[in-house]
Every structure is written in C-alpha cells, then in structure tokens.
Amino acid sequence: MQTSQKHEISYGSGRFYVEPVQNLDSYGLPSSENLENYSSSDNSSQTFYPSHQILEPYGTFESASTSNNSFPYQNSPSTLSFSPNNSPVSQLESNSYVLRPQHSLEFVNGSPEDDDSYLRHDLDDLRHKMLELESVMLGPNADMLDTYDAEVKQESASFLLESEKWKKNMEMVSKGDLKEMLYTCAKAVDENDIETIEWMVTELRKIVSIMGNPVERLGAYMLEALVSKMASSGSTIYKSLKCSEPTGNELLSYMHVLYEICPYFKFGYMSANGAIAEAMKEEREVHIIDFQITQGTQWVSLIQALARRPGGPPKIRITGVDDSYSAYARGGGVDIVGGRLSTLAQSCHVPFEFNAVRVPASEVQLGDFELRHGEAVAVNFALMLHHVPDESVNIHNHRDRLLRLAKHISPKVVTLVEQEFNTNNAPFLERFVETMNYNSAVYESIDLVLPRDHKERINVEQHCLAREVVNLVACEGEERVERHEPMSKWRMRFAKAGFTPYPLSSFINSSIKDLLDSYRGHYTLEERDGALYLGWKNQVLVASCAWR
C-alpha cells in the first residue's frame, strides 16, 4: 500500500495536515459526472433531485469569515463534524488539523501514524458511515424513484393505448363503417372524450344523409341526437320535433302512410282484436277499455267483424284514454275519435257507445271507466305501456299500478302489444346499440317500399320515427319517455299483478301469416311461449300476447 502524502499548511500557530484521497470510488462518493446526473432529470418529466438537495446530506462545511486572518476553529476546545442533517457531532482537540476519512475534523498532537492497519480501520469506518449517509439520503428518494418509474410505465402504456385507439379509429373511418363510427362516437359521448367526439362528428356528417341508404338515414337522426345529448339539449330537440310536426290532415296522412307500408301496427291490432273477439264470442255487452286509443284505427276492423257475428252483434262500449301526441296529431280532443267510431258502428248496425277519458294513462283512476253490471270487459294495452314510467323513474311506478288496476276490474281478456327491445333501464351505450339495431331493421323494411328521395318517406321517418330515436339517445330521467322492455320482463310484471297467459287461437296465426304474405321483404313470424313475434330478418320488432 502506498504511503499517503501529507500537505502541510501553516496557518497561525498551528499546522493543518490534509491527507489526499487516492480513490474516490472506494469511499462510495459520487463522481462529478454522477452528481450531474443526479442534479437533473429528463426534460419531459419533473425534476425530483435538484443538485442542492443531493449535496447537502454529505455535510457542508460552512466558511466563517475572519478579520484576524486566523483559522476559524483554531484553539477551540471542541471539534466539529457533520451528520447528514448538518448537526455537529464530533470534538476538536489540540492544535493540529487532520481531515480524517471519518468525515470529521480532529485536532491531534503531532503527526498521525502512517501504518496500514490505521488506514484500513479508517477506510472501513468511512465505508460504514457512507453507507449510513447513503441510506439516509436515498431512502425516501428511492421510493420517489420507484414512483417515478411506475408513473413513466403508466404514461407509456397510456400513450400506447391512445395511439392504438387512434390507429383503429383511422382504419374504421377509412373503411366507412358507419355503424362502427356511430358506436365510437356514442362511446366517446359516454366517456366525455371531447377530442374524439369532435373528430367523429365531423367525419360522420360527411356520410349521413336523410336521403341515403337505411343506415345513412338513421345515422343522420342518431348523430343529431348525440350532439344534442352533449349539449344537454335533447329534451329541447325532442319537443321541437313534436312542435314542428304538421297538424291535422298532413300529420295523419304521414301516420297513415306508415300504417300502410309496414305491417307492424296491423300485426299488433290484428292479434289483439283476434284475442278479444275470441274471448267475447258469447257476450251480449262488451266494454273495451283502450289505454291509448290514438286515432281509433284498431277498432274499425273489430266493429266490422262483430257486425257479422252469427246471432247479431253485441252492444259495444269503448272507453278511450287520450294522449297529448295523438290529440296534437288529430287537431282536437278524443271526442273526435268517438264521433268517427260512432259513425262507423251506425253504418254497420252495431249498438255503440263511446266514453272519453281526457287524462294521461298514468293518471287514470278506476272511476274513469264507469263500469256497469253485466258488461264483459276487455283491456287493451297496445304500444303504450312503454310510455308509462315505472319504479326506475319515480316512486309511484304507474306501469305496475295500471296492471293492478286492470286486474281489479276482472277483465275477460287483457291484450298486450309492445316493441320488442330493451331500453328502459339499460345504460346509455347499451341503449344506443339497441336503438341502432332495432331501427336499422325498421328503416331497411321501409327502403323496399318507398324510394330514397320520396318526400312522403322523408316525412314519415322524420315525423313518426325520428322523434323516438332522439328521445332514446338524447334524453334522460323523466324526460326520456321511450322506455321499452322485452317480453320476458312484461311476463314478470303481468304475473306479479295476478294474470295468467291467454293462448292465442290458431285462426289468429293464420290470419297474420296471410297479412305478411301481402308485404314485400323479409318479415318473419314466430310463436313462442304463448306470444307472437313479428320480425325483419333476424331482428324481432313487435311482440303480442294476451292475459286473463
């Protein structure tokens, strides 16, 4: 081992010996290059280790200015060394100064010994103290480094996911997959991803058109519904769609066109009327309670059929519950419907009476029906219960209340016709997909009947169909009045109210099959678990069943 050299510095009356360190690495001290690395971090991240924080734990020898040109600690009775927090811990002795490896200043008498054992002991002691210092200095910072590494990894993963997402979005847009683009936009709305929303809306508006193919036409209304939802103006647009509708004969003509070009309403009315006619074939007085009579179209064919019944027609009384949309469409109250049906019944020589209920279905009470002894009662829920709020909307649960009310009057038959899809309690994104799939089939079925640039088709889709789409997509809470449920859920509600299934006759099935044969397209009819299902290709659209 080399003998260490001592540099003598004369300062006043004492001698200060400095023992030079031969190899900094052996002491565990950071080199100047490493110190530079500690003092700054990558430009893209925060600086966790500024240089002044790194150097302080090693001990800072503060200089003291002296006016007498003497060493500041000269002839002091005590020695000063520094712990990692800069507190004095060692003692000063004698008049000679040696910078020991122990990181302290000591005063000794005379020159220190240069033997190897003394140096080895000092070096071991220095290593031990430096390890302690390193532990104190880097302990908390080590956790910070771990946190920093985790954050970098998380940011890298997030960046990769974001890059992959935009890559897929670019591929999707380049392919022009409109349904996938609409779904992506809806997902962005659900996640409040403004950047993706703005980009997708811009791209979608280049594709959608009210005169395009079925998906492009539907997409035009669904896109505006998404924009309205983001702007929290869904209810406003929904109301404006209703208010912008033509009144009187114009709107009725659009509804009539939809009734004629698609079998959905005729299917529902025919299956319900068949069940009522079957249940009332022996009755002389029939009271039909229709919870949403609309324009009264359903009862035209039933009055005509009962007029031809062997032994003569029964006396018919219809109680019709009005709704604001139908009243707006007809340009007047429900008495208009009563007048038309009375005229029809008179022409068919059928005794007839009409009872008008001028309140919404959710507000109907038992006294509104004016029940009479000897009447056989039939209750009709045709395409209306999904408009009645249930327990998910308010505590009154009018949906189940109406079923209990119907059970209380002991009807011979209760008919149910409903659109077969699930939007009532579905979360937004699931509801969006249900709405898109269901209405794609409806728009496709219309496409085979009316040309894409046909003015009546545009009016039918805008005034009779788009309003439902906008309400389903853009509105929430009590403002969302379109709340469909699948047949499985309706079965549970009817069973809970105390009803049992009423089988539909085979004659009804054959009549509906004949009806569908008169329409072009890919309509399907299926009987399952006592209910009839009308669909387009593989999408079920309307379900019908009866209860007692």
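I looked up H349 and got 68% relative accessibility, so H349 counts as exposed, the cut-off being over 50%. I keep in mind that the model is predicted.

Next I checked the backbone at H349. Its phi is positive, about 60 degrees, although H349 is not a glycine. I noted this because most residues other than glycine have a negative phi. H349 sits in the loop between α12 (335–347) and β7.

I then turned to N192. Here too I read a positive phi, about 55 degrees, and N192 is not a glycine either. Where is N192 found? I traced N192 to the loop between α4 (178–191) and α5 (194–204).

From β7 I moved on to the sheet. I asked in what order its strands run. The sheet is open, has eight strands and reads β7-β6-β5-β8-β9-β12-β11-β10, with mixed pairing. I marked β7 (352–357) and β10 (523–528) as the edge strands, since each pairs on one side only. From one strand to the next the twist averages 15 degrees.

I looked at one pair in detail. Strands β5 (residues 285–290) and β6 (residues 315–321) pair in the parallel sense, over six bridges. Within β6, I316 stands opposite V286.

Last, I asked which strands helix α9 touches. Helix α9 (residues 264–279) packs on the sheet and touches β8 (376–382), β9 (413–419), β10, β11 (531–536) and β12 (539–547). I put the angle between the directions of α9 and β12 at about 15 degrees.

Notes
Residues are numbered from 1 along each chain as its sequence is written. This is a predicted model: local features need pLDDT of at least 70, side-chain atom pairs count only at pLDDT 80 or more; totals for chains, interfaces and linings use all residues. Side-chain values use heavy atoms; hydrogens and water are left out. Two strands pair if DSSP finds at least two bridges between them. Helices (H or I, at least four residues) and strands (E, at least two) are DSSP runs, numbered from the N terminus. Axes are lines fitted to C-alpha atoms, for helices over the stretch in contact, and angles run from 0 to 180 degrees between N-to-C directions. Contact means heavy atoms within 4.5 Å. Buried means under 20% relative accessible area, exposed over 50%, partly exposed in between (1.4 Å probe, protein chains only).
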